[in-house]
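I'm jotting down what I look up as I go.

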Amino acid sequence: MAAGGAGTSLLLMAGITVTVGLCRRLTRRRLRAHPRLCTFLLEMFSTFQVCACTNELCLLGNVEPKPHAALTFTYGFTVLHGLTLTGSTCNPCGTLQPMWGGGTSVKMGGLKIAAQFVAAVLARVFMNFIWRLGMAEPHFEALSQGCSNPMQTTETQAFCIELLFSVVFQLTILRVESVNPKYKVHLIALLITMLVYAGGNLTGAIFNPALAFSLHAHCFYDKFLSYSLVYWIAPSLGTILVAFIWDEILPRIS
């Protein structure tokens, strides 16, 4: 991708972030009296930002020098999401963990997960619309591309990778809860960047069911069973495993 195309993509992602920030602020001000609707919209806007920006970020994978530029963008935008989307998980697995531990009711957790998948679909539709405008050359390629086949290994290995990455990620989230937020966001961004570097060429290293659906909607349509097993079931099982160990086993040991 040329420098001009990369600049267009970065400006687009910055515009999405600013717009979502304004929507979240307006939602908090106007819908305080409607907590459920407010919660749904905040989670939906936040997940929309993550999904839309990641859809665009995937087009920057060929920016030179590879893979350093792509990893830098991944780290930078993960920090940006962490700083601008406080209070939102943007990940069904992140919502599932407190539901398992009793920190979130089933109704509220289900509401957030619904918002995340609605946002995933909206982000995909929105990015397809933006790509049709042809603001950068990679946008035309993205439109003509069907399933990008993110699984570059066997289904069994892909399942194990996504499960392992989900365990590592969710366990880290629990471990850094007490860390100063200014440092925590960088620790999480560094972890995500490392996981993307380690497994991005094998499965995409997504460990987020809503994001996976937004990025690879064509693949879910073509091979629903395989992709739901790897990108929905595996990270969810990893999250439940972490929650069980954290809430049931570690307290007994300590």
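This is a predicted model: local features need pLDDT of at least 70, side-chain atom pairs count only at pLDDT 80 or more; totals for chains, interfaces and linings use all residues.

I started with who touches whom between two helices: Pro92, Thr95 and Met99 in H4 meet Val106, Gly109, Gly110, Lys112, Ile113, Gln116 and Phe117 in H5. Contact here means heavy atoms within 4.5 Å, and helices are DSSP runs (H or I, at least four residues) numbered from the N terminus. The residues of this contact divide into 5 nonpolar, 4 polar and 1 charged. Nonpolar covers Ala, Val, Leu, Ile, Met, Phe, Trp, Tyr, Cys and Pro, charged covers Asp, Glu, Lys and Arg, and the others, Gly among them, are polar.

Residues are numbered from 1 along each chain as its sequence is written, and side-chain values use heavy atoms, leaving out hydrogens and water.

Next I checked H2 (residues 35-57). I found 19 of its 23 residues buried, meaning under 20% relative accessible area with a 1.4 Å probe, protein chains only (exposed is over 50%, partly exposed in between).

Then I looked up rings. There are 11 aromatic pairs; rings of Phe, Tyr and Trp (its six-membered ring) pair if their centres lie within 6.5 Å, with planes under 30 degrees apart called stacked, over 60 edge-to-face and the rest tilted. Phe169 and Phe207 make a tilted pair, 5.2 Å centre to centre with 45 degrees between the planes. I noted that both Phe169 and Phe207 are buried. Phe224 and Trp232 pair edge-to-face at 5.6 Å and 80 degrees.
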